[in-house]
Amino acid sequence: MKTRAPYPGPGFLVHPAHMLACGFGSGLIPFASGTWGTLAAWPLYLLIKPSFSDGAFALFLLIAFALGSACCQRTGRALGVADHGAIVWDEIVAFWLVLWVTPVDFWWQLAAFFAFRFFDIFKPPPARWVDVNMKNGFGVMLDDAIAALFAAASIAALHLLVVRFF
């Protein structure tokens, strides 16, 4: 769960770890920062993904997760809160995962956005356990990755129903 704490100003982004963890500034918006980070992820995905094969993109996501764990750890320490609201790299990488397995269609991607936000906010188990008990960069990244799996599964199930019955 993102902790309410004072938000840093743009000068905080001078450090590369903070720039990445704060989603290139999208996390500095002091309300609904996770939603802003997720929104930032969408056009970034559309720009980045065409440059990768599926295998290369899987590797890219793993690297983004690992790098994000370190950057979120450092940024959380600097802000005094492990999962500060300004940290949105976890939403960005997790939403990239959801978009990767979502049909390439605006409406399906919009549904994926809402599904991911739902699962990221409500954190079903085991995401809730990770969020409460793992107060480090890896935990920050992991609870969103779990939410992404729930979102991806729900979009896949919905897509299967639509294709089969409509």
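Biologist: What pattern does the chain follow, read along the sequence?

Modeller: The model is predicted, with local features needing pLDDT of at least 70 and side-chain atom pairs pLDDT 80 or more, while totals for chains, interfaces and linings use all residues. Residues are numbered from 1 along each chain as its sequence is written, and side-chain values use heavy atoms, leaving out hydrogens and water. Seven helices and zero strands make up the secondary structure of the chain (DSSP runs numbered from the N terminus: helices H or I, at least four residues; strands E, at least two). Read along the sequence, the pattern is therefore α-α-α-α-α-α-α.

Biologist: What radius of gyration does the chain have?

Modeller: The C-alpha trace spans about 50 × 35 × 25 Å along its principal axes. For 166 residues, a compact globule would have a radius of gyration near 15 Å (C-alpha atoms; 2.2 Å times the number of residues to the power 0.38). The chain agrees with this expectation, because its own value is 15 Å.

Biologist: At what angle do helix 2 and helix 5 pack?

Modeller: Helix 2 covers residues 33-48 and helix 5 covers residues 106-122. Their axes (lines fitted to C-alpha atoms over the stretch in contact) lie 11 Å apart. Between N-to-C directions, on a scale from 0 to 180 degrees, the angle is about 150°.

Biologist: Which residues of helix 5 make this contact with helix 2?

Modeller: Contact requires heavy atoms within 4.5 Å. The residues on both sides divide into seven nonpolar, four polar and one charged. Helix 2 contributes G34, T35, T38, L39, W42 and L46. From helix 5 come F106, Q109, L110, F113, F116 and R117.

Biologist: Are F95 and F113 buried or exposed?

Modeller: The two rings have centres 6.0 Å apart and planes at 80°, so they form an edge-to-face pair (centres within 6.5 Å; planes under 30 degrees apart stacked, over 60 edge-to-face, the rest tilted). On the accessibility scale (buried under 20% relative accessible area, exposed over 50%, partly exposed in between; 1.4 Å probe, protein chains only), both residues are buried.

Biologist: What relative accessibility does F31 have?

Modeller: F31 pairs edge-to-face with W36, at 6.2 Å centre to centre and 85° between the planes. W36 counts as partly exposed because its relative accessibility is 33%. F31 counts as exposed, because its relative accessibility is 53%.

Biologist: Which residues do ring pairs link into a cluster?

Modeller: The whole structure holds 20 aromatic pairs. Ring pairs link into a cluster F24, Y45, F52, F57, F60, W89, W96 and W100.

Technical notes: Ala, Val, Leu, Ile, Met, Phe, Trp, Tyr, Cys and Pro count as nonpolar, Asp, Glu, Lys and Arg as charged, and the others, Gly among them, as polar.
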